[in-house]
Structure formats: structure tokens, C-alpha cells
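Dear colleague,

I am passing on the structure below, and would ask you to look through it before reading my notes.

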Amino acid sequence: MNLADLIPPFDIRSVLIDPWTTDFPEKGWILLMGFLTSVACGWVGQHLLLRRMALMGDAISHSILPGLATAFLVASFLFGQRTDSSHAARDSSVMLVGAIGAGWITTLLIGMLHRRSRIKQDAAIGIVFATLFAIGVVLITLFADHVDLDADCVLYGEIGFVPFQPTLTAFGIPLGPVPVTRMAVVTLLTVLATLLFYKELVISSFDAGLATSLGIHAPTVHLLLMGWLSVVVVSAFESVGAILVIAMLIVPGATASLVAARLPTLFTLIVVHSAISTVVGLHLALWLDCSIAGAMVVAGCCLFTIAWAAHVLLRARDQRHLSADIPPSSASEESTSTALT
Amino acid sequence: MTAPPPTPPTATPETPPPLEIHDLTVAYHRRPVLWGVDLAVPAGKLVGIIGPNGAGKSTLIKACMGVTPIAGGWVRIFGAPLSRAHRRVGYVPQRESVDWDFPVSVMDVVLMGRYGKIGLFRRPSRADRDIARACLDKVGMLPYANRQIANLSGGQQQRVFLARALAQESDLYFMDEPFAGVDAATEAAIVTLLHELRDRGCTILVVHHDLPTARNYFDMLLLLNLRRVAFGPTDEVFTYELLQKTYGGRLTILSEVADAVRQHGGSIP
């Protein structure tokens, strides 16, 4: 088999032009959804990175599954079986309650496991999220009639279906497909919350001791952040799924932190990173005819790789300049000492 | 740079002491690290906390600041619990307790000292920035205001922490090993600054590791080893007998102690 046959032909018209012209009513929603998801995940994820708990995103995105399953199960017993898709608002609130509950339980369980015993934090995270995720899978398959959740959809999401979701109308004005509108609200609140609580978030990340002494209760900030992380993750589920959400939480912030020296720049760069990876990802997906969300994350990871390579090359260049400034005798001493160790 | 403003030199019974600790007990994993500590620090004193490793020096400060939960006893700051007094308290944690790769500038860190006074939802005002700049100038770090903190030396990092504490404009300060790993020039600068703060009427508690310098730096000493061994004016407490009681049988330190006491004309039994 010829290797070249595996790569689809590159048709400029259908890959690069159509999504912005004839297909725009449909592809526009996908782009918007991708961008909003990436910005919300990127901003929340940046707070995780600053606290050195990127793995908590991994944990919560998985352990939300049993939360959702339980919430849907309880809702179906309380309000009866869902008959049509017009209960968008009810579904959303059920999802949010389940997600926040699961997020907090995960956080508290992890904290309890590693505080009360010899289990280290990374092991505690691994145990808790794997267990909860497994319980979620069991619940979904056991109560498939009552729980309107598809395991495939939860894992991988399908951003391509977003334009065909029922449109949400407020006061007679059509706003957009339900998932996009919900994500827009969540993204807006994420940005607002970060700006409003900027001081508290930054100081409790940088110096929890000082924060506590100033009367900012760091554990509360942590719990609120984890709750908010759950909200963002559950809103992103439908489009990108549990696995790609992890990438969207970490990659934009990690890329920006290689470039930016201060937080305001960093948060701005996350928005830029989201925009580029969304657009490039969509074109990539149209060309290769593959998962759109997957392609968006791949594009984001390419940006990270470029930033990382540039960072490493620049640092190596700086070090060459530095060693050129050092007198030859001490430089040779340094090289012998490093050779010895 | 002289003429300290007049401040009430002694605490009368009506004005509560800046720091009052009663029967304070702290335990980690059921092992006590501080046991039944009583302390009342008078106003306007520079107090050194000394004792061997693991004696609970840092824990005492952290318990006072609410960072470490206490198992028993209580802490009063100006007669009130910390939750009602945190605006009057400044804190300098150990330098290693924070991530110096954090994406903030020197100025950002010093502004954090103002956060307690700024209030929720507000941004630092021009006045806050002016105060932060003045504090940076005081520790000789103003030229570095816009640097990222990752590019600082150990001494510079400590100066930034100190500038942040100054920006808190507190009446009572807790400092956890501000002299650890700093250069001689920074150490001298910090000592001058501490004396200046003290002369302004501030009360400062400093965890200190180096015995020979302890005698020159502090007005009062707290000798600590799980329990309070002694607390009082430096001249009365810095004796071979009490230090031996504090450090137990650690010979290397004891010979150091002997040297330090001898240098200052003390007698060794």
C-alpha cells in the first residue's frame, strides 16, 4: 500500500475557503464553541498550573462521570422520564449540580486520602479518579434507560454536532445552539471571576501562608476553584469530551507560560493560543476528515512544541553568551567539574 | 534618619500586649511539636526565637498566623483573635516556601503586601503603588521593580519579601528565618531595617538560626525547644546554662555557644 494514499488530497476550496463562506453558518458555531471552550479551560487550567495541580484537571474531568450519571438518575425519578429535547434548562442545571457535587467529592476524597495516611498526593489522585470513573461507567451501563448519557460522547465529545443542537431563544431572540450559549455564559463568568478575584487567586497560589495571614482562607479558595473547574469541564464535555478537556486545561497555559513573564500577558496569550488552535484545528480536521476537537487539540500541541523549542534554543543561546563572558580559566574549571560529576 | 516618633514604651494593663499566647499546643500527626507555650511580648521589642532544629520555632509563628491549626490554647493579637487583627500583622514566610518561577514581577510581589488593605474586588490604587515603590526603595530593590522574580539572587529575594512586609504597614511582624542563605550585605541591611521598625514602635518576632549574632541583633530572646525554655531580655537569657538547656547535648552547637558566651564576657561554669 502506498503511504501517500493514506493522506487525503488537499483541496484548497473545501478545506480553506468553504468554512468561511458557504459553510459558515454551520462551521461558525463549531469555531465559536471551540474557541470558547479553549479559553474557559485555558484560564481555569492556568490557575491549576500556578498551583502545581494540573493533575486535578485530569482527575475531575473523569470523576464527573458518576456525578452526571447520579444526577440524571435522581432527576429522572424526581421529574419523570424526559420526553423531548426541550428541557434544555433543566438538563443544564442537573448537569451542573452533578458536576459540582462530583468535583467537590473528588477534591475532598483526595485531600482526605493523602492527609490521613501515608498515601502520597499523586497516588491519591490516581486512586480516586479511577475509582469514581469506573463507578460512573457501571452506572451508565446499568441504568442506560434512565441516564441519557453516551459513554463515547462523554469520552470524546462531538463538536461537529453542536450546530444541529436545538437553538436557545431568550425573549424571542434566537441566541444560538444550547451548548454554545451555555459555554458562552461559562466562559464569560470564568473571565469575570478571574478578573474580580485576581488578587485572591494569585496570592493564594503564590503564597498560601501570606494569604491565610491576610484572612484569605486558602482551602476555601481551592474548593471554589475546584467547583468552578467542574462547571467548566462539564460544559466542555459535550463538544470535546473528558479526555481532550485535559489537554485544553493544560496546553494553552503551558504554552503561554513559556513565552510570558507576567500573569496579564499570560492570560492574554491563552486567548490568542485558543483562537489559533481552534481555526487551524478546524482546517486540519476538514482536510484529514478526522475528529474536529482532536484536530484542535493537536494544533494547540503543535503551538506548544514550537514555543518549547524556541524557549530551549533561546536559553541555549543565552548560556553560550554567558559562558563567553566568563574568563577562559574559570570556564574550563567549570567544564572539568561538570565532567567529573 | 534618627528621632523615632514617640510611642507608648510599656503596655499598661488597659492596652493589651501585641502578642499574647496561652498554653499553646500544636501537633503534627499526633506528635506534639509545641507544648503548653505561654508568652506575652511587650510592644516595641525585637524578639529573636532560637532553639535547635525541630524545636517548633517556625511552627510557633505559623500557629500565630493561623497557617498551622492549633491543638490547644489560644493566641491573642492586640487582645483580639487573629481573624479580627490580621490587618495589624505582617508575615514573612521562609523564602523557600514559595515558587520563585511564578510569573510575577518584583513589584507584583510587593503589592501583595497591600492586598489585606485593598479589599475584595478592588485593584491596587496609585497610593498602593507609591507605597510599594517606597518600600522597594528602602530595601534597595527599586531598580529591579519590573524584573521577573525568577531572575533574583537569594539575598534579593529576601529583600523583596521584606519590602512586601513593609508594605503591609503592620504593628506586629512575624519573620521566619529572614537571614537564611543571604549575603552579608543583605543581612546588615535587614538588621538595620528591623531596628528602624522597632524604633517606630513595631513589635517583631524573628526565627533565627545563628547563635553568635543572636545576642547583638535582638532586644529579647525566646529560647524554645518543644516548650518555652526561657523568655526575657537578651542579657538575662543568653546564658550558657539556659542555652544548654535549650540545645540539650548537641556538642557542636554547645561549643559554639560557649564561644559566643565567652566572646561577650559571660562566664561558663
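Predicted model: local features only at pLDDT ≥ 70, side-chain atom pairs only at ≥ 80, totals over all residues.

Residues are numbered from 1 along each chain as its sequence is written, chains are lettered from A and ligands numbered from 1 in the order in which they are written, and side-chain values use heavy atoms, with hydrogens and water left out.

In chain A, the axes of helix α10 (residues 218–259) and helix α11 (residues 263–288) come within 8 Å and cross at roughly 125 degrees; these axes are lines fitted to C-alpha atoms over the stretch in contact, with angles running from 0 to 180 degrees between N-to-C directions. The helices are DSSP runs (H or I, at least four residues), numbered from the N terminus.

Elsewhere in chain A, A:Ile125 is found in helix α5 (residues 121–142), and A:Ile125 is buried, with a relative accessible area of 7% (buried means under 20%, with a 1.4 Å probe and protein chains only). Leaving aside neighbours within four places in sequence, A:Ile125 is in contact (heavy atoms within 4.5 Å) with A:Leu55, A:Met56, A:Ala59 and A:Ile110. The C-alpha atoms of A:Ile125 and A:Asp58 are separated by 8.9 Å, although these residues are 67 apart along the chain.

Between the chains, 29 residues of chain B are in contact with 23 residues of chain A.

How values were computed. Helix = DSSP H or I, 4+ residues; strand = E, 2+ residues; numbered from the N terminus. Buried < 20%, exposed > 50% of the residue type's maximum accessible area, 1.4 Å probe, protein only.
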